[in-house]
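Dear colleague,

I am handing over a structure that you have not worked with before, and below it I set out what was found in it. Please have it open as you read.

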Amino acid sequence: MTAQVPAGFESLTGSIGIKDESPDVLVVRSTVPCTAAGVFTRSRFAGPSVRLSREVVATGGARAVVVISKNANVANGSTGDADASELQRLAAGLAGVDPSATVVASTGVIGRPYPMERIRSWFGARTWPSSTFDPDAAATAIMTTDTRPKTARSEVAGSGASVVGIAKGVGMIEPDMATLLVFLFTDAQVDAPDLDAVLRRVVATTFNALSIDTDTSTSDSCVVLASGEAGPVDLGAFEAALHEVADDLVHQIASDGEGATTVIEVTVSGARDTDQARRVAKAIVNSPLVKTAVHGADPNWGRVAMAVGKCSDDEDIDPERTTIAIGGVHMYPPAADADALDRAASHLAGDLAVIRVDLGIGAGCFRAIGCDLTDGYVRINADYTT
């Protein structure tokens with residue numbers, strides 16, 4: 001059963017004309033005060049939108065979100081700072097809330113200033129007409145090189161509350177946070193400290209387990225707003241619902257990775273601890289050689305072994321104890337025979353490549369999500385600003 005749209009939220013989308021006539025602006029407002037939490041990029045080039053939004057969620061509350069797509073407004077100095085603050089005020093005025101309660105996000109080309117005259121004109125010509133929240137239209141408005149909008153929904157078990165998430169992201173993705181924009185909305189009643197703790201746990205195993213190309217954006221933002229309109233919920237059930245939505249969005253992002261044809265899911269088990277499992281899983285999913293082997297449906301398990309071996313500071317990793325499987329087919333040790341290679345190749349020809357590595361050390365486990373590397377990725381990014 002499809003989850004209901006959470007109560008207490010309304011949305012408005014439109015086109016300012018930043019790049020073309022496609023939707024490029026989103027405003028979501030809450031009809032009631034919300035608790036809020038957020039996780040953001042750690043890039044040293046973080047844009048003013050990120051800095052403003054950090055201040056908003058630090059209060060534990062928010063009432064609105066505004067997103068401009070196709071322009072990151074990054075590295076524009078004091079002009080960029082002033083423009084982001086003005087955008088925050090314009091969106092807050094339209095939504096009828098305080099600017100200090102308005103989250104700001106931008107995504108797109110770095111180093112280009114906002115077209116402020118167009119932005120002022122668009123906001124100045126509108127009054128708030130909406131009494132509904134349209135996640136599909138909202139997800140469409142925040143796209144850049146995405147080929148499709150990304151939405152996900154879930155119910156909070158044992159309650160009438162629901163969670164809806166929207167996301168954009170197809171390239172420049174490697175956690176710090178994850179190189180994407182994610183907005184999660186719920187009508188569950190959750191205190192701000194609990195909301196922050198839950199979000200950080202969910203992000204650690206979903207958006208921070210995602211990698212497309214090992215690059216980190218200047219604009220990463222993941223924000224959750226909770227209106228409380230559905231009343232109190234069991235915190236464990238809420239976390240499960242939030243994780244379900246986030247995991248769904250992660251797989252949608254990976255499958256829509258720039259030029260991607262195959263999602264790669266790498267699970268490393270038997271590690272000393274979770275941190276070691278994460279390092280090894282990310283070494284595998286980020287390897288260009290592993291990515292291209294997956295793209296070519298080449299069951300070259302030696303590339304997986306190579307990626308594990310790159311973790312040279314982890315001196316307790318021992319080839320004698322390490323096992324590798326592709327698509328459930330044992331590859332090493334001993335080296336896979338012709339039949340095993342054929343079965344692994346058939347698995348890699350699908351749209352999901354599952355790689356499992358066990359280090360035989362301890363109980364640490366981590367799953368990383370990525371995608372293959374294709375000539376399409378090169379073409380998209382070679383032509384990005386031209």
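Does F133 count as buried or exposed, and at what relative accessibility? In this model, which is a predicted one, F133 counts as buried, because its relative accessibility is 8% and the cut-off for buried is under 20%.

On the aromatic rings, the count comes to five aromatic pairs.

Another pair, W301 with Y332, is stacked, at 5.2 Å centre to centre and 20° between the planes. W301 lies in helix α9 (residues 301-309) and Y332 in strand β11 (residues 329-332), so this pair ties together parts that are 31 residues apart in sequence.

Turning to the helices, M116, I119, W122 and F123 are buried in helix α3 (residues 116-124). They lie on the same side of α3, because they cover an arc of only 125° around the axis, whereas E117 and G124, on the other side, are exposed. The buried residues of α3 pack against β1 (9-14), β2 (25-40), β3 (61-71) and α2.

Helix α2 (residues 77-95) contains Q88, which is buried, with a relative accessible area of 9%.

Terms used:
Residues numbered from 1 in each chain as written. Predicted model: local features only at pLDDT ≥ 70, side-chain atom pairs only at ≥ 80, totals over all residues. Heavy atoms only, no water. Helix = DSSP H or I, 4+ residues; strand = E, 2+ residues; numbered from the N terminus. Buried < 20%, exposed > 50% of the residue type's maximum accessible area, 1.4 Å probe, protein only. Arc of directions from axis to C-beta. Contact = heavy atoms within 4.5 Å. Phe/Tyr/Trp six-rings, centres within 6.5 Å; stacked < 30°, edge-to-face > 60°.
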